[in-house]
Amino acid sequence: MPEAYDPKDVAKDAIAPTGAGGAMDLAMSEAETLEKNPGGPLGTGPQEKARSLWTDAWHQLRRNPVFIISSLLILFLIVISLWPSLIASGDPNSCQLSKAHESATSGHPFGYDAQGCDVYTRTVYGARASIAVGICATLGVAILGSLMGGLAGFFGGWWDGLLSRLADVFFAIPVILGGLVFLSVVVSSTIWPVVGFMILLGWPQISRIARGAVITAKQNDYVQAARALGASNSRMLLRHVAPNAIAPVIVVATIALGTYIALEATLSYLGVGLRPPTVSWGIDISNASQYIRNYPHELLWPAGALSITVLAFIMLGDAVRDALDPKLR
Amino acid sequence: MLLEVRDLQVEFRTRDGVAKAVNGVTYEVDAGETLAVLGESGSGKSVTAQAIMGILDMPPGKITGGEILFQGKDLLKMKEDERRKVRGAEMAMIFQDALSSLNPVLSVGDQLGEMFIVHRGMSKKDARAKSIELMDRVRIPAAKERVSQYPHQFSGGMRQRIMIAMALALEPALIIADEPTTALDVTVQAQVMDLLAELQRELNMGLILITHDLGVVADVADKIAVMYAGRIVERAPVHDIYKAPAHPYTKGLLESIPRLDQKGQELYAIKGLPPNLMAIPPGCAFNPRCPRAQDVCRTDVPPLAQVSEDRQSACHFWKETLRDA
């Protein structure tokens with residue numbers, strides 16, 4: 001090392017080996033290069049629409065046959081649960097005992113059940129209860145679960161302890177046992193007790209996922225950066241953490257929708273879910289199960305409809321997960 | 001004085017013990033001035049910056065002493081609400097890695113515009129126009145078209161320009177740049193640094209430049225603070241330090257720069273590792289690695305001695321070090 005430093009000298013020496021100083025003249029300045037191709041080095045010109053995670057996922061979904069099939073099925077199910085008379089002209093609760101157990105005839109393609117009701121009409125009308133329960137329960141679970149999990153994950157500390165233990169308590173209740181206990185004391189012919197019960201027991205599943213996703217998202221540098229630039233807690237949570245944590249919640253909720261529909265049928269089968277005069281696949285399956293040997297058609301149509309519906313939602317959830325998780329591509 | 005940090009002390013209380021990250025740091029920055037804070041990883045330079053910004057994770061971090069005077073007011077005595085209004089508007093920070101510091105699901109226009117919406121209560125439309133203006137200002141070509149693009153669609157240099165634009169959006173009085181060019185390749189480094197220096201001059205901002213790149217420092221800094229184990233070991237105007245360091249650690253840092261006139265020779269390196277912050281050696285923290293260490297260095301913490309009017313060194317033997325340089 002020489003005796004005295006000339007600052008200019010050192011500066012030059014320090015920079016030159018790493019090339020920052022000299023190479024500047026050589027390389028055309030980045031700005032200049034970009035001026036000629038404003039889209040950037042990747043060739044994504046301004047005319048191409050900007051792609052976010054969601055537009056990207058949508059691109060991916062549109063080409064996925066599983067998504068197309070399942071969403072068409074679900075669309076169909078939603079349409080017939082809103083307007084069942086489009087494809088079934090009869091009244092599901094007008095039954096003629098004289099026709100009990102009759103098999104298919106013209107105009108009544110699925111035959112009649114033990115009460116002499118038209119199985120086709122009841123199967124079509126049954127979609128309404130299943131879809132309504134599934135969607136309401138999922139919405140409730142997703143909202144309550146992500147709220148609780150989001151707060152627990154974002155604030156941490158004793159908030160986290162309290163909310164997570166609360167979730168554990170509800171997580172520990174067995175669904176069927178809990179249903180038999182809670183729902184057997186409620187007398188109502190609406191879907192709300194069943195929906196409420198599912199939300200009560202279902203939110204911890206989403207809450208755990210939301211908590212994990214929020215903890216991961218809040219450690220990102222951009223959350224710190226937002227804080228350094230003066231964002232408030234609520235702004236950070238809503239603008240920076242939530243959008244980056246919501247994908248896993250959506251995936252799990254979509255898959256869970258199918259299982260809630262199956263759970264509704266299970267509870268109705270056990271006699272604690274929906275009750276007549278509500279038309280439900282679960283009730284019909286329950287009634288038909290005792291005649292399965294002699295009149296299998298009474299069981300197979302509602303059971304088949306239930307299976308296809310559950311399958312459609314699970315397939316949709318799978319497709320959404322594939323689209324939202326770039327690592328699986 | 002724009003910013004005065006006085007005897008700041010920060011520690012992290014972890015399960016394994018207390019890590020003393022900052023042990024009495026004092027420095028000041030004036031408007032239009034650039035202070036470079038040098039030091040190895042773990043020397044406490046970033047923690048000091050986080051404490052100034054008020055974005056230190058507490059717990060585990062805890063400010064145990066000192067004061068941070070910003071425009072005469074002690075930031076540490078302010079309520080969180082008041083501090084939040086200072087952040088972004090009065091002082092802003094530029095982070096090392098612009099890719100991870102920008103939210104991937106929001107377009108850059110949304111993120112730039114947020115500054116105006118949060119702090120100035122502007123409408124979305126006005127904020128958009130301001131964002132485009134800012135992008136022009138940091139020389140991002142075709143700003144109008146690119147304002148609605150997402151961070152991953154920009155190159156590294158362009159992303160760092162956006163970070164700079166965000167930090168400068170409200171024309172703060174103080175900017176802290178935490179290794180702003182480390183994640184960039186060398187040609188882009190120089191451009192980004194030039195841009196930052198130019199904007200600083202234009203807006204007459206105080207700039208704290210945290211770096212370990214001595215080349216960058218020589219170009220843009222007015223004065224230097226060298227940190228070691230959470231302490232300032234030397235403070236001086238930039239020319240004085242390059243001419244003759246007054247601390248063996250500074251000397252070691254300068255000697256470990258590759259130089260063209262030493263081609264073929266082995267590059268100097270400071271022996272050993274930085275100390276564990278949970279067990280900082282008694283006396284001078286640098287003594288196990290110091291070629292000049294004597295018995296007194298192992299027992300007595302050297303005070304920050306006044307070398308000249310605007311220069312200090314925390315070495316028992318600063319006179320000898322200065323003479324030998």
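Select chain A and follow it along the sequence: the pattern reads α-α-α-α-α-α-α-α-α-α-α-α-α. Chain A has 13 helices and zero strands. Helices (H or I, at least four residues) and strands (E, at least two) are DSSP runs, numbered from the N terminus. This is a predicted model, in which local features need pLDDT of at least 70 and side-chain atom pairs count only at pLDDT 80 or more, while totals for chains, interfaces and linings use all residues. Residues are numbered from 1 along each chain as its sequence is written, and chains are lettered from A and ligands numbered from 1 in the order in which they are written.

**Stop 1: chain A as a whole**

The average for chain A is 78, and 82% of the residues score at least 70. Now select residues 1–48 of chain A, where pLDDT stays under 50. The model has 72 contacts beyond four places in sequence for this stretch. Two residues are in contact if their C-beta atoms, placed from the backbone, lie within 7 Å.

A residue is buried if 20 or more other C-beta atoms lie within 10 Å of its own, exposed if 12 or fewer, and partly exposed in between, with C-beta atoms placed from the backbone. Of the contacts in chain A with a separation of 6 or more, 70% are between residues 24 or more positions apart.

**Stop 2: two helices in chain A**

Select residues 233–269 of chain A, which form helix 11, and residues 281–289 of chain A, which form helix 12. Their axes are 7 Å apart and the helices pack at an angle of about 45 degrees. Axes are lines fitted to C-alpha atoms, for helices over the stretch in contact, and angles run from 0 to 180 degrees between N-to-C directions. Helix 11 and helix 12 of chain A are therefore oblique to each other. Angles under 35 degrees count as roughly parallel, over 145 as roughly antiparallel, 65 to 115 as roughly perpendicular and the rest as oblique.

Which residues of helix 11 of chain A meet helix 12 of chain A? On the helix 11 side, show E264(A), A265(A), T266(A), L267(A), S268(A) and Y269(A). On the helix 12 side, show W281(A), G282(A), I283(A), I285(A) and S286(A). By class, the residues of this contact are six nonpolar, four polar and one charged. Ala, Val, Leu, Ile, Met, Phe, Trp, Tyr, Cys and Pro count as nonpolar, Asp, Glu, Lys and Arg as charged, and the others, Gly among them, as polar.

**Stop 3: from chain A to chain B**

Select I55(B), in the loop between helix 1 (45–53) and strand 4 of chain B. Leaving out residues up to four places away in sequence, I55(B) touches Q224(A), R227(A), A228(A) and Q50(B). Is I55(B) buried or partly exposed? I55(B) has 18 other C-beta atoms within 10 Å, so it is partly exposed. Draw a distance from its C-alpha atom to that of R87(B), 32 residues apart along the chain: the separation is 9.4 Å.

**Stop 4: chain B as a whole**

Select chain B, which has 13 helices and 12 strands. Of its 325 residues, 53% count as buried.

**Stop 5: two helices in chain B**

Select helix 4 (residues 108–120) and helix 7 (residues 156–168) of chain B, whose axes come within 8 Å and cross at roughly 20 degrees. Helix 4 and helix 7 of chain B are therefore roughly parallel to each other. In helix 4 of chain B, V108(B), Q111(B), L112(B) and M115(B) meet I162(B), A165(B) and M166(B) in helix 7 of chain B. The contact has six nonpolar, one polar and no charged residues.

**Stop 6**

Select Q71(B), in the loop between strand 4 (61–70) and strand 5 (73–74) of chain B. Its phi is near 50 degrees, a positive value in a residue other than glycine. Q71(B) has 15 C-beta neighbours inside 10 Å and so counts as partly exposed.

Next is E179(B), in the loop between strand 7 (174–178) and helix 8 (186–203) of chain B. E179(B) is not a glycine, yet has a positive phi of about 45 degrees.

End at H316(B), in the loop between strand 12 (311–313) and helix 13 (318–324) of chain B. H316(B) counts as buried because it has 21 C-beta neighbours inside 10 Å. Apart from neighbours within four places in sequence, H316(B) is in contact with V296(B), C297(B) and P302(B).

Notes:
pLDDT is the predictor's confidence in each residue, from 0 to 100.
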